[in-house]
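Dear colleague,

I am handing over the structure below, together with some notes on what was found in it. Please look through it alongside the text that follows.

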Amino acid sequence: GRAFGASACHLVAVNSSDAPRSQPHACWALCAVASGVDDKETPPAGALMSDTDARELGAFVSGPLCRTLVAHLQQRLRQLEAIVKEKRQGLKNTFRSWLGGKKVSSPGASASGFGGIGLAASASGGGGAAAPRYLSTSIEAHMRQIADYAFFLADYSLAHSYYRSAASEFKSDKAWRHYAHAQEMAARCLALHGGNKRELGEALDKAVLSYLRSNTAAGDRAARFATAAILRQLDWTDYAASRARTREVARGLVNQSTNETALLSALLLEQAARCFGSFAAAPMHRQYALYMILAGFRFLSCQQRRYAVRAYGAALRVYEGRGWDAIELHVHAALARNYACLGMADQSVGFFLRLLRNSAQPAERQATFLRELCSIVSQDPRAEPMAELPLPRFRNGTIRVLLNDNVQLSPAAGAAKPFASAFT
């Protein structure tokens, strides 16, 4: 009370219930039980909290605590703005900026971070060069702090302007990871306060490209940041309003799939396919089916057969009955073999029978499919619809046997071929 005054002190009662409740309060529903605690002796978390305790705690958080926190953030924001304004003025600070006194380049130099925001972590720039690490007293750190505080306070216009200013500084220093973070947050501000959609998309595109400048391996941290930015771009795109923009996002998903692991690559390709099929007026069915097949192939490479079957099945609904025999044959073969690997013999046999009905295949391929079908039927006799097997059928009434076709043969040929037969 002496340090902060009586108005800043509040008494909050918790666990005032006399007996444990059978069902703890909803706010404790996600609380995990501590390891090594016997549930029979110790009541679960929140079992002693009454409804009155929960209401008083909620009123304290939404009332005095929020007012105190918001007032502190606003005060800190004004202080930082004054510091930035002072640093941007005056000849001394201009020369200090030119001489590079605002940042630390060496890996072992001290950098205390951005007031706990974590932006001062080492980030490699393009070409493998180490990016600068900004001191907490640098103007870049202060601008980023102002932007973050304004974002917390829901002043998205002010936050956007400072994120853009910080991004310009990061770009001039070739601190690409910091530049990408700032651009992504600027795009988030535009999305939250209804800014220009084109500017939002350009900011996210710059963020993705900047993340990938420090990408060293498929699926590394930089690639994951880029993937997250692409997915946010997908969330903020209105499919019905902008077909061209949705197509650009789909292309971005396809391009990003080459920088990710096999499983995430398959998911990105599947999402790209759904973008192409999302247009209400004129869906791009062929693009949808193509990327669904590519997604199915990637799912197979990471042993996710059920997802692969789902992707191939979605593509088959587009290709079936269109006269594209080669593509349809490939999808039927993939589905038949993957259903067999999943132990779903009935579905597998059905697709193998479709393959055998296609008479345009070479004899060797048909023989291969027939051997695989026989292997499945031998392992699971219940899946034996042999009545549907497309084997050649002969009608006895149309068979004629010719003992001699009245052709004069030489003695040698006659000895080798005493008679000829034919079916008519």
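E270 and R274 both belong to helix α9, where they sit four residues apart, about one turn of the helix; helices here (H or I, at least four residues) are DSSP runs, numbered from the N terminus. Please keep in mind that this is a predicted model, in which local features need pLDDT of at least 70 and side-chain atom pairs count only at pLDDT 80 or more, while totals for chains, interfaces and linings use all residues. Residues are numbered from 1 along each chain as its sequence is written, and side-chain values use heavy atoms, with hydrogens and water left out.

Salt bridges

The side chains of E270 and R274 meet in a salt bridge, at 3.3 Å from N to O, the term being used for a side-chain nitrogen of Lys or Arg within 4 Å of a carboxyl oxygen of Asp or Glu. E270 counts as buried because its relative accessibility is 6%, whereas R274, at 39%, counts as partly exposed; buried means under 20% relative accessible area, exposed means over 50%, and partly exposed lies in between, with a 1.4 Å probe and protein chains only.

A search of the whole structure finds nine salt bridges. One of them is formed by R164 and E199, whose closest N and O atoms are 2.7 Å apart. R164 lies in helix α4 (residues 156–172) and E199 in helix α6, so this pair ties together parts that are 35 residues apart in sequence. R164 is partly exposed, with a relative accessible area of 35%, and E199 is also partly exposed, with a value of 26%.

E372 likewise forms a salt bridge with R337, and here the closest N and O atoms are 3.1 Å apart. The pair links distant parts of the chain, as E372 is in helix α14 (residues 363–379) and R337 is in helix α12 (residues 325–341), 35 residues apart. E372 counts as partly exposed at 24% relative accessibility, and R337 is partly exposed with a relative accessible area of 36%. Salt bridges that share partners also join E270, R274 and R310 into one network.

Aromatic pairs

The search of the whole structure also finds nine aromatic pairs.

F276 and Y291 make a stacked pair, because their ring centres are 5.5 Å apart and their planes are at 10 degrees. With F276 in helix α9 (residues 262–276) and Y291 in helix α10 (residues 285–301), the pair ties together parts that are 15 residues apart in sequence. F276 is buried, with a relative accessible area of 0%, and Y291 counts as buried at 9% relative accessibility. The C-alpha atoms of Y291 and A315, which are 24 residues apart along the chain, are separated by 8.5 Å.

A further buried residue

D148 lies in helix α3 (residues 139–152) and counts as buried, at 5% relative accessibility. Its C-alpha atom and that of L77 are separated by 9.4 Å, although D148 and L77 are 71 residues apart along the chain.

Surface patches

Patches are made of residues with over 30% relative accessible area and no salt bridge, like charges being joined within 9 Å and nonpolar side chains (Val, Leu, Ile, Met, Phe, Trp, Tyr) within 5 Å; accessible areas come from the Shrake-Rupley method with a 1.4 Å probe, and for residues only the protein chains shown count as cover.

K171, K174, K206 and R213 gather in a patch of positive charge on the surface. Lys and Arg count as positive and Asp and Glu as negative, while His and the chain ends are not counted, and the place of a charge is taken as NZ of Lys, CZ of Arg, CG of Asp or CD of Glu. R213 is found in helix α6 (residues 197–213) and is partly exposed, with a relative accessible area of 45%.

V14, L57, V61 and L65 make a nonpolar surface patch of about 290 Å². V14 has its place in the segment before α1 (51–88), and V14 is partly exposed, with a relative accessible area of 45%.

How values were computed: Helices (H or I, at least four residues) and strands (E, at least two) are DSSP runs, numbered from the N terminus. Rings of Phe, Tyr and Trp (its six-membered ring) pair if their centres lie within 6.5 Å; planes under 30 degrees apart count as stacked, over 60 as edge-to-face and the rest as tilted.
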